[in-house]
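Here is a briefing on the structure shown below. Please read it with the model open.

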2 protein chains.
Amino acid sequence: MAEVEADVAVVGAGLAGLTAARALRRAGASVAVLEARDRVGGRTLNHDLGDGKIVEVGGQWVGPTQHRLLGLARELGVGTFPTYGAGENVIEWNGELRRYKGTIPRINAAVLADVAQAQWRLDRMAREVPLDAPWQAPKAARWDAQTLESWLRGNLASRAARTLFEIGTEAVWAQEPGDLSLLHVLFYAHSAGGFDALFDTEGGAQQDRFVGGSQLLSLRLAQELGEAVHLQAPVRAIRHADGEVALQADGVTARARRAILAIPPTLCARIAYDPPLPGHRDQLTQRMPQGTVAKCMAIYDEPFWRDQGLSGQSTGVRGPVRLTYDNSPPDGSPGVLLGFLEGRFARQAGLMESQERRQAVIDTFARLFGPRAASPRDYVERLWAEEEWTRGCYGCAMPTGAWTEFGSALRAPIGPLHWAGAETATVWSGYMDGAVQSGDRAAAEALASLG
Amino acid sequence: MAEVEADVAVVGAGLAGLTAARALRRAGASVAVLEARDRVGGRTLNHDLGDGKIVEVGGQWVGPTQHRLLGLARELGVGTFPTYGAGENVIEWNGELRRYKGTIPRINAAVLADVAQAQWRLDRMAREVPLDAPWQAPKAARWDAQTLESWLRGNLASRAARTLFEIGTEAVWAQEPGDLSLLHVLFYAHSAGGFDALFDTEGGAQQDRFVGGSQLLSLRLAQELGEAVHLQAPVRAIRHADGEVALQADGVTARARRAILAIPPTLCARIAYDPPLPGHRDQLTQRMPQGTVAKCMAIYDEPFWRDQGLSGQSTGVRGPVRLTYDNSPPDGSPGVLLGFLEGRFARQAGLMESQERRQAVIDTFARLFGPRAASPRDYVERLWAEEEWTRGCYGCAMPTGAWTEFGSALRAPIGPLHWAGAETATVWSGYMDGAVQSGDRAAAEALASLG
């Protein structure tokens, strides 16, 4: 059993934990990072296609207002390139495929107007939610006692508009509108700068990709941290007292003056704390479920849809894949079609045999992009609910009642324990950018308390 | 490190686990029960008032249709006696106290009619929810995508009626109407035989008490099981394969052919499984938060309210205690006033210093029962969210989306692992009676699989 000592122990070597560790070390504090997996990067994970080509099976995009993430990438020498968007998008509508340019699909104008007025109202409401204390919004109690689904049923005229919002909800939260607190949805949109920022490719959260894959950020951070990062070291137990923390992980124990837990809140609950955490904090973590998503990619010799004037971006209303993207490497070789199974579709797909699931994905691709899509040369998928050390993606989404009743426990340190991770961010909550913010914030907290 | 072997290992020595263990042994199987605490009984817990007098700081009541629980009590020689109900009840209404007899308070008739029509409708809807598969109710998707609060806002005419429903919700689930899936509420009421059965003292779930305290059931079961029950043995890790389970607890390891986990679902998630559990099961347990309740009792030389013609049952609309009962021992000595802090009131009270909380409770008692209530000779409370091995009472209540998306994982065995506990019951889900049902059911499953 290895024993390490540091000023601050960091649990989790995702972007949040590694950012925190780097900030601490730069400020002169010693750190030990304990990571459960045999790799760093958390919810970012590169997949090698051969020939030095990379796709990500985890989080991958970066958008124009994600200044912390962009700044980190610049510092680490990781470049970006635009998500492929040339040509026309496709939407499957009333059983037929329709092509369109830009963000507004060619469907019934009344439906589009219905969606637009609802989004306008939601955006206006979202701006009333304080990012550091959503429970203090003037109508917090009312908004947190209803689901997004209830609001949509009361405020959308058409079923078709509800379907579009459902697809958007799945795309952003990997949950259904009925799973989500309206207050959480409003908070989340505000933290991203509005609903367009969440939904859009150009100008939004899906605008750009990282050259070499998003995991490269974590790999470079870890390289800088060197032997301070301990892999295959899941933390099982934490003893904590005033200014003293003892962490017991598989194969290593760490002693530190402070600890930063940079793992999903639902996983924080699975560590044995001594003394046990206050009920207010524990019950919060009982109410922070992770979303459900399978990220699926079919690999082709070339991105054949481009020759047909298609961007690869499509909306397959019937599912199970409801959103696709061209996820080919920067040079367009090989061709990669990316499809998401999200929310209820991911839950159903998670119960299938892998062969059946693959077929369901490929069938959707063929429906949307023609028979050539039916014969990929390879297929890659990742089901994040199955991952022991994540247990769901993209992140946590609050059910009703959690923010108003327990929100104040989200970031409040408990003795020497500090909380990081994308779920604790106030800006771009749930995104890589939020993870970086949370790491910097928790590091500053820990430093201040070290004196 | 002690090592034990048995046909079946049972995790948790509450009513569910002990019932399962007894059933298994009676069928000829050997058992090992691993209990985290230094006592048995789980969410039932006797408190000694001295002179052989007992009150319960956990679950205590039994109602007329709880046949499994009543049968177990008969077998174990534990008697029952009626909850004290002679005299008039009190309701605090528009700032004044009103006395009334029976279950219907003396308030505005329009409000009462409003409540009655809503309850009638909810009862009718509840009967459409299949107890073994709530997600198959004809309107399951619709009902599971909205909170009880949303339904009440759409179906109650008056704010006063909403307040009464809110108090009822807190009393049954220790959650707020906005915290709960409507489908869950309907399932739960159906599983108890209707809303009256949940709410009522006479004829309902609060009708009777156990002589010697409800924990006596578990104490006697454990006595029968003798050395098979291992205390202070929290299970940290479970390795499982086909027909083989290895459980690692503090101080003891157990090898068995099957295991029954009879602990709250949210705590099931905190054990390290090898191999890890399927995502469908894991994500269910991320969506099963425990309620929030503090059970508070003030002890007086005598139940002085009885001399004033009062039953001790009252509704304190302003809170923080919103429901009280006379919880004196069978002979009426000493006098015990029982008050519940539930849902949001329990969450607020959980953040108070204990002295402040005690004062808030006693102040409510004095408001409802006069100045003599202000000077108890003793005060007893238990905050169940603080309990490391329960983490909230009365039990789990599903947020929206959980039943329809994940419900099929609730009882489905995973290899040699079976699931018990009051949350897994189909009849009197969440109650002691449901715990007994779940223990018997899981034992039968395990026995059948042992062949």
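Predicted model: local features only at pLDDT ≥ 70, side-chain atom pairs only at ≥ 80, totals over all residues.

Residues are numbered from 1 along each chain as its sequence is written, while chains are lettered from A and ligands numbered from 1 in the order in which they are written.

**Contact between chains A and B**
- Chain B brings 38 residues to the contact and chain A brings 38 residues; two residues are in contact if their C-beta atoms, placed from the backbone, lie within 7 Å.
- On the side of chain B that touches chain A, α5 (148–155), α11 (279–285) and α13 (344–350) of chain B each supply at least two residues.
- Helices (H or I, at least four residues) and strands (E, at least two) are DSSP runs, numbered from the N terminus.
- α11(B) gives the most to that side, with 4 residues.
- By class, the side of chain B that touches chain A has 10 nonpolar, 15 polar and 13 charged residues.
- Ala, Val, Leu, Ile, Met, Phe, Trp, Tyr, Cys and Pro count as nonpolar, Asp, Glu, Lys and Arg as charged, and the others, Gly among them, as polar.

**Helix pair α1(A) and α9(A)**
- α1 (residues 15–26) and α9 (residues 215–225) of chain A pack at about 35 degrees, their axes 10 Å apart.
- Axes are lines fitted to C-alpha atoms, for helices over the stretch in contact, and angles run from 0 to 180 degrees between N-to-C directions.
- Residues of α1(A) including A:Leu15 and A:Leu18 meet residues of α9(A), among them A:Leu217 and A:Leu221.
- By class, this contact of α1(A) with α9(A) has 7 nonpolar, 2 polar and 2 charged residues.

**Helix α14(A)**
- Buried residues of α14(A) include A:Val361, A:Phe365 and A:Phe369.
- A:Gln355 and A:Glu356 are exposed on the other side of α14(A).
- A residue is buried if 20 or more other C-beta atoms lie within 10 Å of its own, exposed if 12 or fewer, and partly exposed in between, with C-beta atoms placed from the backbone.
- Just after α14(A), A:Gly370 takes a positive phi of about 90 degrees.

**Loop residue B:Gly251**
- B:Gly251 sits in the loop between β12 (244–249) and β13 (252–261) of chain B.
- B:Gly251 is exposed, because 12 other C-beta atoms lie within 10 Å.
- Not counting residues up to four places away in sequence, B:Gly251 touches B:Met1, B:Ala2, B:Gln232 and B:Ala233.
- The C-alpha atoms of B:Gly251 and B:Thr201 are separated by 43 Å.
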